[in-house]
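Please load the coordinates in a viewer and keep the selection panel open. The stops below are meant to be followed in order.

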Amino acid sequence: MIVYLLCSFLFVLGLYCLVAKKNIIKKIIGIITMEYSVNLFLVLVGYRARGIAPILSKGADKAEFIAKSVDPLPQALVLTAIVIGLGTIALMVAICIRLYERYGTFDMTEIRRLRG
Amino acid sequence: MLVLISLLVFINLGAIIAIESKYLLSTVISIGAVGFGLSIVFLLLGAPDLAITQVVVEILILIILIRGTVTLDNTAIEKYRDTFAMVISLIFFGMFLTFAYMAFKALPEFGHPLMRVSREYLQHGVEKTGATNIVMSIILDYRAYDTLGEATVLFTAILGAFVVLRRKGRKKIGEKDTTKVGIPGEF
């Protein structure tokens with residue numbers, strides 16, 4: 001239980017950073033933190049106590065492997081999510097660099113004020 | 001268990017430092033510490049594929065973020081500190097944590113996963129797909145369409161980043177072909 005709570009505390013930290021900070025890079029950092037915590041939570045749900053990685057070695061017993069292996073399905077889905085997160089973060093940083101060129105600041109309120 | 005909890009506390013401390021730090025460069029470095037700690041946690045949880053991917057992705061994120069911040073404005077913004085919004089958001093996040101606690105009680109206990117679908121994969125994965133790594137057999141065989149969709153999303157995101165970053169969209173009528181189009185060396 002305390003592991004789940006620490007994981008959701010990480011999510012709350014990211015959400016706080018996304019909502020309360022004015023700097024755009026800080027907002028991106030918040031999104032990254034939230035993404036990490038969600039990935040971590042999915043892997044934590046699939047963990048088996050004293051489990052082994054879901055890789056079948058050569059001379060291993062099949063029944064023992066099934067009884068001891070951790071859940072491979074969340075791992076496969078999280079593997080997809082990690083790579084997609086990299087692409088979206090690259091897009092966000094690119095937009096930030098363009099905004100900095102246009103307005104000369106990372107401040108959210110300044111960017112809003114200069115509009116129109 | 002103790003190692004896992006201490007690593008999670010380390011990750012949380014790194015995130016707090018990243019959020020509250022004054023300089024953007026130290027923020028980026030702290031988020032790197034968070035990512036590498038997360039990769040060690042994945043290794044402890046029996047997910048070596050995830051640990052390797054997390055290390056690679058974390059290095060790339062660090063490179064991208066440092067590229068975005070280091071040559072530009074490097075200080076945080078301290079002008080408008082809205083205490084009212086901060087207090088309200090902290091109250092709501094406390095409520096979020098409370099409801100999350102109530103939801104976690106309904107989950108299966110930590111260390112005893114429900115493995116209804118995965119049992120099938122573990123049992124017949126090696127015969128059906130020929131891969132001894134069950135995670136890889138799920139990604140590349142059972143759920144290969146998911147991976148195809150991932151490749152599409154990744155392609156679209158990188159294409160979007162390229163389009164946003166390029167210097168010049170199209171050339172004028174009389175212009176020569178030698179004008180720089182694409183990601184320039186310096187901004």
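Is A:Glu101 buried, partly exposed or exposed? Select A:Glu101 in this predicted model: with a relative accessibility of 35%, the residue counts as partly exposed.

**Stop 1**

**Stop 2**

Next, select A:Lys21 together with B:Glu20. A salt bridge links A:Lys21 to B:Glu20, with 3.4 Å between the closest N and O atoms. A:Lys21 lies in the loop between helix 1 (2–20) and helix 2 (24–45) of chain A, while B:Glu20 lies in helix 1 (residues 2–20) of chain B, so the pair joins two chains. Colour the two residues by accessibility: A:Lys21 is buried, at a relative accessible area of 11%, whereas B:Glu20 is partly exposed, at 41%. The value for A:Lys21 is 11%, and the cut-off for a buried residue is under 20%.

**Stop 2: a pair between chains, from helix to helix**

Now select B:Glu127 and A:Lys62. This salt bridge has its closest N and O atoms 3.0 Å apart. The pair crosses between chains, running from helix 5 of chain B (residues 116–129), which holds B:Glu127, to helix 3 of chain A (residues 62–68), which holds A:Lys62. B:Glu127 is exposed, with a relative accessible area of 56%; A:Lys62 is partly exposed, with 24%. Over all chains, the count of salt bridges comes to 4.

**Stop 3: chain B as a whole**

How many helices and strands does chain B contain? There are 7 helices and 0 strands, and the pattern along the sequence reads α-α-α-α-α-α-α.

Colour chain B by domain. The assignment gives domain 1 as 1–107 and domain 2 as 111–169. Taken over C-alpha atoms, the centres of domain 1 and domain 2 of chain B are separated by 25 Å.

Chain B exposes about 11,400 Å², of which carbon and sulfur atoms supply 68%. Of the 187 residues in chain B, 35% are buried. Among the contacts in chain B with a separation of 6 or more, 40% are between residues 24 or more positions apart.

Technical notes: Residues are numbered from 1 along each chain as its sequence is written. Chains are lettered from A and ligands numbered from 1 in the order in which they are written. This is a predicted model: local features need pLDDT of at least 70, side-chain atom pairs count only at pLDDT 80 or more; totals for chains, interfaces and linings use all residues. Side-chain values use heavy atoms; hydrogens and water are left out. A salt bridge is a side-chain nitrogen of Lys or Arg within 4 Å of a carboxyl oxygen of Asp or Glu. Helices (H or I, at least four residues) and strands (E, at least two) are DSSP runs, numbered from the N terminus. Buried means under 20% relative accessible area, exposed over 50%, partly exposed in between (1.4 Å probe, protein chains only). Domain bounds come from an automatic or database domain assignment. Contact means heavy atoms within 4.5 Å. Accessible areas come from the Shrake-Rupley method with a 1.4 Å probe; for residues, only the protein chains shown count as cover.
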